[in-house]
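Subject: Structure handed over, with notes

Dear colleague,

Please find below the structure we spoke of passing on to you. My notes on what was found in it follow directly after.

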Amino acid sequence: MMKTELFNTHQFVKELKAAGMDEKQAEVLADHQLAMLETHIATKADILDLKKDIAEFKAEFKKDMEWSKKILLGVGITVSIAAIKYLFFGV
């Protein structure tokens, strides 16, 4: 996979030098700027991974909800039977 250029460090250093900054300082600043950008910007791959994780979570959540619905239905039926038994038989 080809890496996209986030930040043109060479051009950045050239512009800082043209503005009067020392070359070593400009290079250090460019390196730190690039490191910050690389660690704080999501790439397409990061976003695709996140989408995949969300899709997996949704599928698992749907399964859990189906299981919960069945339990609630069972509890509801049990309570209904107990209420009918109490109303008609007083037990």
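Accessible areas here come from the Shrake-Rupley method with a 1.4 Å probe, and for residues only the protein chains shown count as cover. On that basis the protein chain has an accessible surface of about 8,400 Å², and carbon and sulfur atoms account for 65% of this area.

Before the details, please note that this is a predicted model, in which local features need pLDDT of at least 70 and side-chain atom pairs count only at pLDDT 80 or more, while totals for chains, interfaces and linings use all residues. Residues are numbered from 1 along each chain as its sequence is written, and side-chain values use heavy atoms, with hydrogens and water left out.

Overall form

With helices (H or I, at least four residues) and strands (E, at least two) taken as DSSP runs numbered from the N terminus, the protein chain comes to 3 helices and 0 strands, in the order α-α-α from the N terminus on. The radius of gyration of the protein chain, taken over C-alpha atoms, is 31 Å, well over the 12 Å that the globule rule (2.2 Å times the number of residues to the power 0.38) gives for 91 residues, so the chain is more spread out than a compact globule. The C-alpha trace spans about 95 × 25 × 15 Å along its principal axes. Of the 91 residues, 7% count as buried, where buried means under 20% relative accessible area, exposed over 50%, and partly exposed in between (1.4 Å probe, protein chains only).

Lys17 belongs to helix 1 (residues 9-18) and counts as partly exposed, at 40% relative accessibility. Its C-alpha atom is separated by 9.6 Å from that of Glu27, 10 residues apart from Lys17 along the chain. His40 is placed in helix 2 (residues 23-40) and is exposed, at 66% relative accessibility; between the C-alpha atoms of His40 and Ile81, 41 residues apart along the chain, the separation is 58 Å.

Helix 3

Rings of Phe, Tyr and Trp (its six-membered ring) pair if their centres lie within 6.5 Å, with planes under 30 degrees apart counted as stacked, over 60 as edge-to-face and the rest as tilted. By this rule there are 2 aromatic pairs. In one of them, Phe57 and Phe61, the ring centres are 6.1 Å apart and the planes at 20 degrees, so the pair is stacked. Both residues lie in helix 3 (residues 44-89), 4 residues apart, about one turn of the helix. Phe57 is exposed at 55% relative accessibility, whereas Phe61 is partly exposed at 46%.

For residues 71-89, the end C-alpha atoms lie 26 Å apart, and the span is 100% helix and 0% strand.
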